[in-house]
Structures are given as C-alpha cells and as structure tokens.
Amino acid sequence: MIKPLITNSRSVRIAWAAGPPLALALAGLFHPSDLSTSTAAQWRVLHLVLLPLFPLLAVGPWLLARQQGRTVGRVVAALGYTYVCCYTALDVLAGIAAGALQLRGLSDGVGVAFEQANVVVRWGVVAYLVASVLAAALI
C-alpha cells in the first residue's frame, strides 16, 4: 500500500504549509533588486529554479481549509489552482522571459513582458489572498 504524500499528521501538514513560503523567502535573499545586463543571468536562473516551488504556496491554505469540510476544501483548492496558473505565467514572463530578453540585449521587450505579467497576475494574487484569508478565518 502506498502512503499518501500529505498525511493527517500535524507535523507533516505544518512542514507542507510552512516549507514552501520559507524556502521562497530564503531564495528571495538572492533575487536581484532590479533587472539589468549585469543581473539578467541571475534573475533568469533564479526564476527557472523557483518555477516548481511557487505553486506549492497553494498547498498551505488548502491543508487548513480541507479540515473544515469538503466544500470549503474544494473552494480553496480552486482558488489555489487559479493562483498557480496566474503566478506561473507571471514567473515565466517577468522572470524567465524578461531575464532572457535582457541577456540578449532586447531590453525593449522587457517592458512588454512585465506589462503582460502584471495583467495576468492580478487574478492570481486575489485568488491567493482570498484562499489564505478564508483558510485562516476557519481555523
């Protein structure tokens, strides 16, 4: 029998809820404050490395909410999915693509990538905020 990856163990839930945000906070210490020719490689690589980590932020609110019932768990899961889709697009556009454009000397395209990222991420931010507030209000 295969054991589930996320169990009902309190310590495992805490690790899944707190691990990704802490890892991202640590990685943020190495994020350049601005995108320039001298920081473009680090900018792009950091966003490539963190691409699989950002979606894990949606796990924390879901772990809390699912304990309050199936319906609220599904609502928070749907909000988390919205966040994951939107934030992944942001990371690809403003992180990976913008860094690559800057590396190639195509700095005019960086502004376009940032503009598009800002458009798509709004719904993701709202979804993550609502999921987090809802989960916190229920515990």
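This is a predicted model: local features need pLDDT of at least 70, side-chain atom pairs count only at pLDDT 80 or more; totals for chains, interfaces and linings use all residues.
Local features require a pLDDT of at least 70 and side-chain atom pairs a pLDDT of 80 or more, whereas totals for chains, interfaces and linings use all residues. Residues are numbered from 1 along each chain as its sequence is written, and side-chain values use heavy atoms, with hydrogens and water left out.

The protein chain contains 5 helices and 0 strands, where helices (H or I, at least four residues) and strands (E, at least two) are DSSP runs numbered from the N terminus. In sequence order the pattern is α-α-α-α-α. The C-alpha trace spans about 50 × 30 × 25 Å along its principal axes. Of the 139 residues, 31% count as buried; buried denotes under 20% relative accessible area, exposed over 50%, and partly exposed the range in between (1.4 Å probe, protein chains only). The chain exposes about 8400 Å², of which carbon and sulfur atoms supply 68%. Accessible areas were computed by the Shrake-Rupley method with a 1.4 Å probe, and for residues only the protein chains shown count as cover. Among contacts (heavy atoms within 4.5 Å) between residues at least 6 apart in sequence, 72% join residues at least 24 apart.

The largest nonpolar core comprises 8 residues, namely Leu24, Ala27, Leu46, Leu50, Phe54, Leu57, Ala58 and Tyr83. The elements contributing two or more residues to this core are H1 and H2. A nonpolar core is defined as a set of buried Ala, Val, Leu, Ile, Met, Phe, Trp, Tyr and Cys residues joined through side-chain atoms within 4.5 Å. In soluble globular proteins, nonpolar side chains tend to be buried together. The core residue Phe54 touches Leu24, Tyr83, Tyr87 and Asp91, residues up to four places away in sequence not being counted.

Within helix H2 (40–50), the buried residues are Ala40, Trp43, Leu46, His47 and Leu50. Viewed down the axis of H2, these residues fall within an arc of 135° and therefore line one face of the helix; the arc is that of the directions from the helix axis to the C-beta atoms. The cover over the buried residues of H2 includes H1, helix H4 (70–103) and helix H5 (107–138). His47 belongs to this helix and counts as buried because its relative accessibility is 11%. Its contacts, apart from residues up to four places away in sequence, are His31, Asp91, Gly95 and Ile96. Leu48, also located in H2, is partly exposed, with a relative accessible area of 39%. Between Leu48 and Cys86, 38 residues apart in sequence, the C-alpha to C-alpha distance is 16 Å.

In helix H1, Ala23 counts as partly exposed at 32% relative accessibility. Ala23 and Leu53 are separated by 30 residues in sequence and by 8.3 Å in space, C-alpha to C-alpha.

Phe30 is situated in the loop between helix H1 (10–28) and helix H2, and counts as exposed because its relative accessibility is 53%.
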